[in-house]
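Colleague: Hi! I've just opened this one and could use a quick tour. Can you walk me through it?

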Amino acid sequence: MQEILPGAVIGILGGGQLGRMVAMEARRLGYGVVVYDPDSFCPAAAIADKHWIGEYDDIDKLMDFAATADVLTYEFENISSLALRKLEEESLLFPSAAVLEICQQRVREKEFLSKRGFPTVSYRVVNRPEELGAVAAELGFPSILKTAQLGYDGKGQVSLSSIEDCFLAWENIGKPDVALLEKRLELLAEFSVIIGRDHKKNVSFFPIPRNFHKKGILDFSIIPSGLGKRLEKEAMEIAFEIASALDLIGLLAVEFFLTKNEDIIVNELAPRPHNSGHFSLDICLTSQFEQLLRIICNLPLGETSARCNGLMRNLLGDLWRGDNQPNWAGLLKLPGLKLHLYGKKQPRVGRKMGHYCIVGENIEEILTLDSQALQLLECQ
Ligand code: ADP
Ligand code: MG
């Protein structure tokens, strides 16, 4: 494949914050940007040359959109795989439709991983609500029932502590066609490996963040992970093998659990930029968004080492009080704090509105600044 040079047009399927940040990096590099998203106010629309408003299964519209771009990528996983396969016949699309098909459906993803011997949590596939009680009793409690498709930020999941919890569980996750039941593990830590793999099978890794969740949503990430070289190396090897098995061209985020027994378990995969990689905008020479662009355009991989330490914290709609925005001016006084807002108009509980990244050398100082920032956000 030829290099796709600045001046060409990048087509992004999905116009959320991930698409917006890909678009901003594409702009900086001198590319044109077109975005496809059903929401007329989606965050990436403000950055794109053109925003196509359409549904993700409208094949004709998707084809028209694709014809306006030199290369396509996606930031959103719930695109009809039939539509993606069609797009791939006419356009360059990275990562491939085959990769998305595996990662967009939890059952396919878990089976892909476990068949190849990658470490996963014990799980069962549940096809019908009537089966749930027996399957859950056999797997053992506590467990988590997850919808196979469309879940994100802890949505589409319920915890099961006993057989009684099974009765409403299927309804509570939106009556899916199929669901995944996982053993609930006691976690020592969560972290993620973000790997880029190019057309020539060269790979690059981002520094590994340690991730802290609240109510199933990523709350903050710290770099470095503090997990030690041995665990990090083991996780990078697993991520490398997964990317190779997928024959990935693009970015892949591999979410990991570290269990109480210090076992490394693969939680899930995302073949796109990942929330836990946002720090790369502020502490790496090449961000995850730029790396994706370099890869899909067949350009050299960028350098990704961390230039300093950092903490990335998500800013959810919960921080807004009525019409009052959080105290941005106060936050911006803090040294080393970089604020990123996604331009979303409606702050809703649990909605990702932005993030900040605090950069520095000393982790204690970074944590102190983070608690000052939290205080400013809470008292307004
Ligand atoms: P999402 O697509 O919403 O990110 P995940 O499967 O990653 O879905 O679950 C979100 C979070 O819920 C995880 O990051 C973790 O904190 C918790 N979680 C999910 N599955 C398990 C599990 N099997 N055991 C313990 N915690 C889990
Ligand atoms: Mg996850």
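Colleague: Which residue does E25 form a salt bridge with?

Modeller: E25 pairs with R28, and their closest N and O atoms are 3.0 Å apart. A salt bridge here is a side-chain nitrogen of Lys or Arg within 4 Å of a carboxyl oxygen of Asp or Glu. Keep in mind that this is a predicted model: local features need pLDDT of at least 70 and side-chain atom pairs 80 or more, while totals for chains, interfaces and linings use all residues. Residues are numbered from 1 along each chain as its sequence is written, chains are lettered from A and ligands numbered from 1 in the order written, and side-chain values use heavy atoms, leaving out hydrogens and water.

Colleague: How do E25 and R28 sit in helix α1?

Modeller: They are three residues apart in α1 (residues 17-28), so about one helical turn separates them. Helices (H or I, at least four residues) and strands (E, at least two) are DSSP runs, numbered from the N terminus.

Colleague: Is E25 buried or exposed?

Modeller: Buried, because its relative accessibility is 9%; the cut-offs are under 20% for buried, over 50% for exposed and partly exposed in between (1.4 Å probe, protein chains only).

Colleague: What forms a salt bridge with R28 at 2.7 Å?

Modeller: That's E290. This pair links distant parts of the chain, with E290 in helix α10 (residues 288-296) and R28 in α1, 262 residues apart. E25, R28, E290 and R294 make up a network of salt bridges.

Colleague: New topic: which residues of strand β4 are buried?

Modeller: In β4 (residues 71-74), V71 and T73 are buried on one side, L72 and Y74 on the other.
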